[in-house]
Amino acid sequence: MERRNFIKGLASVGLTTLLPAGAFSSALVSCMSENQIEDYDFDKVIDRTGTWSIKYGRATNGEIPMWIADMDFATDPFVKAALSARLDRDVMGYTTTPPEFIDAIALWMEQYHGYQVDREWINYAPGVITAMNQAYLAFTNPGDKIIVQPPVYDHFKLYIERLGRVAVDNPMILENGQYHMDFDGLEQMIDDKTKMLVLCNPNNPCGIHWNRETLVQLADICERHGIIVISDEIHSDLTLYGVRHLPFCSVSEAAAKVGMIFSGPTKSFNLAGLTGTAFCIIPDQTKREKYVSWLKNSKLEEPSIPTLLAVIAAYRNDTRWIEALKHYIEGNIERVVEFFSTHQLGMTPHRPSTSFLVWIDCRNLGLPQDQLMARFKDKAKVILSNGAGYGPGGEGFVRMNIGCPRATLNQALERIEKEFKA
Ligand SMILES: Cc1ncc(COP(=O)(O)O)c(C=O)c1O
């Protein structure tokens, strides 16, 4: 994006400021200047070779990697400034979780998501998936059933099964291009062994946010059957087009009773490589105490210095960077939608209401999944995520990560057009 457009983007999304300038007492952001924020350029193509990137590690033959969910944009300048400032302080000794960490999360939940959270409900979590795995261990026994609602992030099922629990699919219903939860199917499959449900709120890979009615109904069913809801909200800061995210535990008393939220700025501020920039919110005291003592007994309750700095800096500063990022992502989505409607390649993208992942329906091509994936990777030279990996309902789909400069996206679309045009 040209600098002019970036500034314009800021104006059009309406700037909000979490903290008034100067209210941030520590030296974390003292080296941050207004110019550094304004100079931020999402159009800049950054060479990630030699940075141990998992995403680029798979692109060994000149492919454009658009699979694993990190973005090719430089991290939020406030976070970078906070990390650099601390590196200058020399000593990296054992570190405690400061109140600023909890305050930053509480402030963010209140001001960005409209959810008033009691500070006691918030705890550090050692990465969203790691922390969810600990919840499976703490609250279920081997052989117990945990429900997932595919198509959904593949690491839910992967770790449920690796940890000796049984993952049960309650596939979503796709009707007129819209996904719904199958509540009848859910009621029918619950039995004595069913102890938990993992909710992807918002859903990756389909990019959908859930409305209040759906979440309330889900909470009611789960409360009635004594089922804990693990709500993964890692993509929630990136709701687009003015959509508001609804934190699961905020929707009803039942949801606050059965729900445990796991989230963090990992996706929204592009921090995946820091590992563990996460937190949990557990309103129910009994569950919270059990879970927190489980983490302590596993020695998983201590964040690293970079984790603390990154979470605080991401959540306590003004929202200019993330608002501009969302604006840019919306531009990329519109480009993808326009491209596939112009070129008629037999592929239909779902316009996501959240995050930088586009779920593309390729079923009209009639290709077996392995051939579809090979054609994208080996012929078009674009690496996408395999829809079939997200469980039942994912066959015939691919997921495209469009968290990249527009020029990279355009290059990938040109390659796809060349390969798939009739
Ligand atoms: C829905 C969802 N949850 C969790 C993760 C990973 O979280 P973490 O790196 O904190 O384990 C991802 C990463 O793509 C994701 O999409």
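Student: Which helix gives the most to the shell around the ligand?

Tutor: In this predicted model, that is helix 6, residues 128-139, which contributes 3 residues to the shell. Of the 15 residues around the ligand, Ala69, Gly127, Val128, Ile129 and Tyr153 come nearest, and the shell as a whole divides into 8 nonpolar, 6 polar and 1 charged.

Student: How do I read the helix itself, and which residues of helix 6 are buried?

Tutor: An α-helix has 3.6 residues a turn, so residues three or four places apart point the same way. In helix 6 the buried residues are Val128, Ala131, Met132, Asn133, Gln134, Ala135 and Tyr136. As for length, the 12 residues of helix 6 should span 16 Å at 1.5 Å a residue, and this agrees with its end C-alpha atoms, which are 16 Å apart.

Student: Why does histidine 327 count as partly exposed?

Tutor: Histidine 327 has 19 C-beta neighbours inside 10 Å, whereas a buried residue needs 20 or more, so the label is partly exposed. This histidine 327 belongs to helix 13, residues 320-343, and its C-alpha atom is separated by 23 Å from that of tyrosine 115, which is 212 residues apart from it along the chain.

Student: And how do strand 3 and strand 4 run, parallel or antiparallel?

Tutor: Strand 3 (residues 145-148) and strand 4 (residues 166-169) run parallel, joined by 4 bridges, and lysine 145 has valine 166 in strand 4 as its bridge partner.

Methods
Residues numbered from 1 in each chain as written. Predicted model: local features only at pLDDT ≥ 70, side-chain atom pairs only at ≥ 80, totals over all residues. Near = placed C-beta within 6 Å. Helix = DSSP H or I, 4+ residues; strand = E, 2+ residues; numbered from the N terminus. Nonpolar A, V, L, I, M, F, W, Y, C, P; charged D, E, K, R; others polar. Buried ≥ 20, exposed ≤ 12 C-beta atoms within 10 Å, placed from the backbone. Expected span 1.5 Å × (residues − 1). Pairing = 2+ DSSP bridges.
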